[in-house]
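Subject: Structure handover and findings

Dear colleague,

I am passing on the structure below, followed by an account of what was found in it. Please read the account with the sequence and the structure open beside you.

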Amino acid sequence: MGRLGFSTTESARLLLFTVFGVLALSVVLAEQEGENLSGLSNNPDKAIFAVRENGTTCLMVEFAVKFLVPYDVLALNGIDLITEQASFTLPRGAEIEGKCGSTESEIHISWKNNAYILRIYFSKEFRDKGIEVWKISKVQFVYDTSETSHFINAYNPGKHTASTHRLSALVTPAGRSYVCTAQQTLTLISSDHQKGITVSMYDIQIQPFDIASDFMFSEPYKCITDQRERLEETLPLILGLILGLIIVIILTIYHFHLKLTAAQPQLPRDRSMYKNM
């Protein structure tokens, strides 16, 4: 009996370990990983990042990003503080992490041994008339002023976090990718004495949900700024064509007028000649 009880206990333990093993394997299989595809871009300033789940792309970001970060330095008198500006771009060789969900997704981009971390959060929502859209709901930037390649002689150096507040940016219809060549600028408020951090993105194509084909963006949704700039570029051409058409019409009418006038009999200008008529 005792031997049977021991065997049953061991079987239960074996079953338990098997269940945990299957669960752990499922977690590993469902693991989401980031990939840096920046080498595919011919633009040296543009980075391409992807988040994949179970071997399928679930989030893609392609853009160039510039940061403008104010920080304090000690003045020459050793008493006062003055504000300097650190300006730098997002490197193509950054490391990627991310999470994909049905209504919320995020991507974390880090470089310089986590001295800098850019986190972008996306969400889906329904708007008027039941239209489903996605947007950037939050941007967070962690930076370390003790990192001396950008922050020179920073006063009281250390890590700071800057975040947006109630953000709703890059609103795009669900199932489409956001495309914008023009610069899109966000202002983040830093934990370093509420300083304003500027994050500028340009040459953008982003899709955090509903990617139909692996490593392929869905149908683009162009930003209003690009549409306006395209109109401004084509408007002079359209006006030129209209003006040219008007000139052709006027010349044609004038030509027909001359023909009609030449075909009519000419009355003598000397009134004395009317007596003989």
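The largest nonpolar core has 49 residues, of which Phe63, Phe67, Ile107, Ile109, Trp111 and Phe141 touch the most other members. A nonpolar core here is a set of buried Ala, Val, Leu, Ile, Met, Phe, Trp, Tyr and Cys residues joined through side-chain atoms within 4.5 Å, where buried stands for under 20% relative accessible area, exposed for over 50%, and partly exposed for what lies in between (1.4 Å probe, protein chains only). Strand S3, residues 56-74, gives this core its largest share, namely nine residues; helices (H or I, at least four residues) and strands (E, at least two) are DSSP runs, numbered from the N terminus. Leaving aside residues up to four places away in sequence, Ile107 touches Phe49, Val51, Leu59, Val61, Ile96, Glu97, Gly98, Leu118, Arg119, Ile120 and Phe122, a contact being heavy atoms within 4.5 Å. There is also a second, separate core of six residues, with Leu37, Ile48, Ala50 and Met60 among them.

Before going further, please note that this is a predicted model, in which local features need pLDDT of at least 70 and side-chain atom pairs count only at pLDDT 80 or more, while totals for chains, interfaces and linings use all residues. Residues are numbered from 1 along each chain as its sequence is written, and side-chain values use heavy atoms, with hydrogens and water left out.

As for the overall picture, the protein has two helices and 14 strands, and 35% of its 277 residues count as buried. Among contacts between residues at least 6 apart in sequence, 53% join residues at least 24 apart.

The structure holds two disulfides, each being a pair of cysteine sulfur atoms within 2.5 Å. One joins Cys58 to Cys100, with an S to S distance of 2.0 Å, and this link is right-handed, with 75 degrees about the S-S bond. It connects distant parts of the chain, since Cys58 belongs to strand S3 while Cys100 sits in the loop between strand S5 (95-99) and strand S6 (104-111), 42 residues apart. Both Cys58 and Cys100 are buried.

The other disulfide is formed by Cys180 and Cys223, whose sulfur atoms are 2.1 Å apart; the torsion about their S-S bond is about 70 degrees, so this disulfide is right-handed as well. Here too distant parts of the chain are linked, with Cys180 in strand S11 (residues 177-180) and Cys223 in the loop between strand S14 (220-222) and helix H2 (224-263), 43 residues apart. Cys180 is buried, with a relative accessible area of 1%, and Cys223 counts as buried at 4% relative accessibility. With the bonded cysteines numbered in sequence order, the pairing is 1-2, 3-4.

Turning to other places in the chain, Tyr155 is found in the loop between strand S8 (132-144) and strand S9 (159-163), and it counts as partly exposed because its relative accessibility is 45%. Lys159 has its place in strand S9, where, not counting residues up to four places away in sequence, Lys159 touches Asn114, Val142, Tyr143 and Asp144. The C-alpha atoms of Lys159 and Ser146, which are 13 residues apart along the chain, are separated by 7.7 Å.

With best wishes
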